[in-house]
Amino acid sequence: MSRMELKMPWSPQLLFLLIVLTFSWLAFPPPGWSQEEKLPVSAQRPVDFSVFAQVRYTDYSSNGTDTFSLRRVRLALTSAVLPSLDFKVQIEQTKAISLVEAYLSFHLSRYLEFRAGQYKVPFSYENLKSASEQDFINRSSVVETLCPGRDIGSQGRDIGATLWFHSAAIEAAIGLLNGSGINRLDNDDHKDKAFRLVLSPLRGLSIGGSWYEGLWPETQNVSSRQRRRQGLEAQLKSGLLSINGEYILAKNYDQEAAGWVIQVSLFLRQGRIQPVVRFESLDQDRAVKDNEAEAWTVGINFHLAPRTKFQINRESRLFKPETRRENIYLVQFQIGF
Ligand SMILES: [Ca+2]
């Protein structure tokens, strides 16, 4: 059953090397290859590098060993290979180097993008928001537990192809994905389907939903492999205030789970100081009454520069029905450019 037992069909390092070699060749072709002659439509091909690192200290109160940790060290590079074709690779180094994202984006029109490779499953606002831009040190347990790609420990990502529509008022995506997670081949012929639609009827207000229909990757001793996700989300930004809410209903095998999260933040001192508060409730089995895990998180973010910030959070979790409470204190420094 363990995902670790599944064979890794190809190593992420090898894939990354191949992509880097291909990319290097495209970006810096060998002498004699005239870009102007062979690719007359191509303008300059700037390569954007971005890096961020997160160092944190976690104080588990009496429930664990307090520790410093390197949460994420990520390097991303993006390049427009052609005016309508760009390419992104993101790698992570914590214990070992791993490939997080690698995809091609073909811009079919101003609004329409076809994306293929390894990238985030188009589901949930919080899932799609970059790890470096999160308002809280940890993502909500609702999204971490129920969002496709996070439920199978793949950092919200999978391999597949997706069509995206982006405009000021509408954001939509429809995709086919392996459903078996990052850096691995599919283990069956079934492809999972993901759909997301977000409307912005007024400035500062967005309302949307996501839908995912797939199968759990493992096959042993399971009568039903159903893995269905339905999500609702809303975001409101008004002046200094920002409110986000999400609800996810999940069908796992023959069980139903559900969770919701709401978070509020304020931007003070020209956005440099940001107090935040979040409440979440996660019910892992809806057939059992009063077994939700609830959590309050309060925190404050000090934005020192774009992508560079200092964050303090206190997470207070309540596990029903025992009324067991856990408090965790987190401090995180993020540096990025
Ligand atoms: Ca599959």
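Okay, a definition to start: helices (H or I, at least four residues) and strands (E, at least two) are DSSP runs, numbered from the N terminus. By that count, the protein chain here has four helices and 16 strands.

Before I go on, this is a predicted model, so to speak about local features we need pLDDT of at least 70, and side-chain atom pairs count only at pLDDT 80 or more, while totals for chains, interfaces and linings use all residues. Residues are numbered from 1 along each chain as its sequence is written.

So how confident is the predictor? pLDDT is its confidence in each residue, from 0 to 100. The mean for the protein chain is 87, with 85% of its residues at 70 or more. Two stretches stay under 50: residues 1-10 and residues 23-43. I'll call two residues in contact if their C-beta atoms, placed from the backbone, lie within 7 Å. Beyond four places in sequence, the model has eleven contacts for residues 1-10 and 14 for residues 23-43. Across the protein chain, take the contacts between residues at least 6 apart in sequence: 49% of them join residues at least 24 apart.

Now the strands. Two of them pair if DSSP finds at least two bridges between them. Strand S8, residues 192-202, pairs antiparallel with S9 over eight bridges, and arginine 196 has serine 210 in S9 as its bridge partner. S8 and S9 make a hairpin with two residues between them, and glycine 204 in that turn has a positive phi of about 90 degrees.

Next, S9 (residues 205-215) runs antiparallel to S10 (residues 226-238), joined by eleven bridges. Look for glycine 209, opposite leucine 232 in S10. Then S10 pairs with S11, residues 241-252, over twelve bridges, again in the antiparallel sense. Alanine 234 sits opposite glycine 245 in S11. That's a hairpin too, with two residues between S10 and S11, and glycine 239 in the turn has a positive phi of about 60 degrees.

What about the inside? A residue is buried if 20 or more other C-beta atoms lie within 10 Å of its own, exposed if 12 or fewer, and partly exposed in between, with C-beta atoms placed from the backbone. Of the 337 residues in the protein chain, 28% count as buried. A nonpolar core is a set of buried Ala, Val, Leu, Ile, Met, Phe, Trp, Tyr and Cys residues joined through C-beta atoms within 7 Å.

The largest such core has 15 residues, and Phe123, Val142, Leu146, Cys147, Ala194 and Ile248 have the most contacts inside it. Helix H4 (141-146), S11 and strand S12 (255-266) each supply at least two residues of this core, and H4 gives the most, with three. Apart from it lies another core of seven residues, including Val89 and Tyr119. Back to alanine 194: leaving out residues up to four places away in sequence, its contacts include Phe123, Gly175 and Tyr212.

Last stop, alanine 305, in strand S14 (residues 293-305). Buried or exposed? Exposed, because alanine 305 has 10 C-beta neighbours inside 10 Å. Its C-alpha atom is separated by 8.5 Å from that of arginine 272, 33 residues apart along the chain.

Technical notes: pLDDT = per-residue confidence, 0-100.
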